[in-house]
Amino acid sequence: MLSPRAVVALVVSLALRADFVGAAASSIVSSSASAPVGSPSVSPAFVRDAASHVNLFIGTTNGGHTFPGANVPHGMVKVGMDTDSPGNHAGYDANPIFNATGFSQLHDDGTGGAVPLSLFKLWPFASCGVGNTFEECQTSINGRKVPRKVLANGSPDDTAEPGYFASNLSTGIRVELTSTRRAALHRYTFPAGTKLPRIVVDISNDGQMSSTDPVMDLDPETARVTGGAHFEASFGPGRYRAFTCVDFKGDGYDLGPPTEFGAWLGDFPVKQTVTITQLYTSFTDQLGALLTFSPNGNDTTSILARVGVSFISSEQACANAEEDMPDFGFDRVRSASRAQWNELLGRVQVDTTDVDPEIVDLFYSSIYRTHISPADYTGENPHWNSTEPYYDSFYCNWDTYRTLYSFMALHDPATFARIVRGMLNIQQHEGWLPECRGATAKHYIQGGSNGDPIVAEFFVKFHEHAKELNVSSEALYQALLADAELQPPNWDLQGRQANIWKKLGYIPSDVWERSGTNSKQVSRTLEYAFDDFTISQVAKVLGRSADAEKYAQRSENFANVWNPNVTFPGRSDITGFMQPRFANGIFNFTDPRHCSVHDPLQATCFLNAQNHDGFYEGSPIVYSQYVPHDTAKLVSLQGGREKFVSRLNFIFDQGYFDSTDEPSQQIPFMYHYANRPGLSTQRSRQVIAEFYNTSVNGLPGNDDSGAMGSYVAFYLAGLYPLPATRQFLLSSPYFREISFRNPVLRTTTTIRANGFCGNPRNGTGGHVFVKSVKINGKPWKSNCFIDWDAFIKGSLIELQLTDDIRVSCGARADALPPSLSTGGYD
């Protein structure tokens, strides 16, 4: 297999950039029906058709693992191409050296771990072997795979838009895909003269080749194929069962019954068989069905395949497909999907005047990826019956809690409420809020009980609307208390290591308990502290003052792992770091460079029970900046504002800022707390310029279920959130004007940047620094943050921009962003 570096080098050499993706899109879209146009906005300078600004191919190489296939917002079904790339976590890879292997119905977006889902692949044959016989068809995943057609510029002949994906294979077959929430619709157009069009239904091959206990039945009269199997979870110890139901129809002609049919094992299809029990199978064989159909004698042969999926049964998979798309109407389904996306994306409007079109596309593409996961599996919960929504693909909360749900709060709180209801229902049946979950199976927790800041974010911002959104305040609070107080049987899968956290106020390095691994002790301490802060904010809203005080005090436990006596190697002026600590109170030691690009030992901080260094996916120098609820105290611990700014500069200038991972996300905005918001603006813009663009390798790492998408969207909007508070940190947007329409609040809030002169391409300098702020015509107290009240009321927020980077937060004592130790959340 090629190494990631080799893949990147090849991608660059082939010029796999946004321009070739655009060329590919043009070459395919021009041959298809024109896309529907959204409703016009107020001004021609604003975005009329937001979906047209979504580039689904961003991050489809170089480890972004983004999903470019067809789905509706938060749909269970995500139908797309699978390739034989080593980085095919979302199935697809834009590098044309990788072959297409099938078109499967379920994927996740931007994940790490093992390849998730990629279930129930379909595959078309225009011919098989020398004699074009049924028995010659190479049905296995390696036997059938072929290259895609490659355009003159070296790019694969693939295209995508919200709700639609298409590819032209080297065999001359054109593949088109669209979907509803629970079903996929494929259209296979065969080359002229195809005499025996055939389609493979692959029951067994998921992304990990992990299937066991497969079942399959084929109806020789209707060509319906049903089946399912057990599959391995992507990032946890469990397995899950999934099912499918596939029906076929001629597009523009009567398809009739299959002229040939049979089950297949490996590369051996057996004619006239209708179930895999008629084959000699073993434990993990590749299995499925193969069908031959009559061609369209009067025109081009196009065959539609409708695929339902379910985590309950094949019968339910069939019902899902029949209910979602009874008429096989490909263009209708495609248009309906795009309309859903346009309405959702269009709630956020920007003035595109003097803005590079790539920035507009990057912005809407980032919002788009914010709405792929979690997935709405309502009605597909195999564990218990409930009338509540059921969401899955929380992969993982540690990635998404920082920015994804806060962005959703700005324009889609109704979906946010359904997700919270689903999380609460899981807690009521399993004891703790879900943390990391995929395909109905529990996955390993990366940080703390990070479901807490998600549900707390909803309640702090929407408690006045909780009843109308069917969210129980009592159930929500009890779920938070369960996470905070009750230790689960396995804290690697749910909840926290609560007992010793409550006893010591930190997670020690030298305590082994049967109910979880002894790892990530420092980073879990920091996460638990923030989790407790978010609980304190919910308690405060509910009027539970004693609990509010209790959890606010527990949130200050981050200081228990602060060792003021550790100095950065070679820099005597940088002292004090978060460090591991023994149960007796004595500090252990981890090099502040550990797990960074400058680590002398080149260590990694991923899931490994042998790792007792204390940190997960981040270095001590990065985690020593993670106290989002009390950064004022962190400034004090690090020696005051001047030294705090110096440390931040060191992190950036020496390459310790890690754009690929979530613990670094808030660092560019941390200059706000030292009264240097101009530096925050410049650093955040430099991050965008250096690491994010609209090319296929336009992400520096995994998209992480939309975590990177929402992060970029916030930066481009000139905002950064702190979950479970009523504040957003403020910078300047990349647009003259941006507005958020909130259907639940029934308001639109507009941020207008007066003096906007465009965006510096490298992020440095420019007329982009916030000098003053007005809200609804009145001077606002701070240039560094705005309150949620502005969004509740529907406000005009006016920023006066300057080119002076020395701007401050303002003259008032309360101009700095809130921190717990300064009474900021009272």
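Helices H10 (451–462) and H13 (521–541) pack at an angle of about 25°, with their axes 9 Å apart. This is a predicted model, in which local features need pLDDT of at least 70, side-chain atom pairs count only at pLDDT 80 or more, and totals for chains, interfaces and linings use all residues. Residues are numbered from 1 along each chain as its sequence is written, and side-chain values use heavy atoms, leaving out hydrogens and water. Helices are DSSP runs (H or I, at least four residues) numbered from the N terminus. Axes are lines fitted to C-alpha atoms over the stretch in contact, and angles run from 0 to 180 degrees between N-to-C directions.

**H10 and H13**
- H10 and H13 are therefore roughly parallel to each other (angles under 35 degrees).
- Asp 452, Pro 453, Ala 456, Phe 459 and Val 460 of H10 are in contact (heavy atoms within 4.5 Å) with H13 residues including Phe 530, Thr 534 and Val 541.

**H11**
- Ten of the 13 residues of H11 are buried (under 20% relative accessible area, 1.4 Å probe, protein chains only).
- Among the buried residues of H11 are Tyr 477, Asp 483 and Glu 485.
- The cover over these buried residues includes H9, H10, H12, H13 and H14.

**H6 and H19**
- The axes of H6 (residues 357–370) and H19 (residues 707–717) come within 7 Å and cross at roughly 135°.

Definitions and conventions
Helices (H or I, at least four residues) and strands (E, at least two) are DSSP runs, numbered from the N terminus. Buried means under 20% relative accessible area, exposed over 50%, partly exposed in between (1.4 Å probe, protein chains only). Angles under 35 degrees count as roughly parallel, over 145 as roughly antiparallel, 65 to 115 as roughly perpendicular and the rest as oblique.
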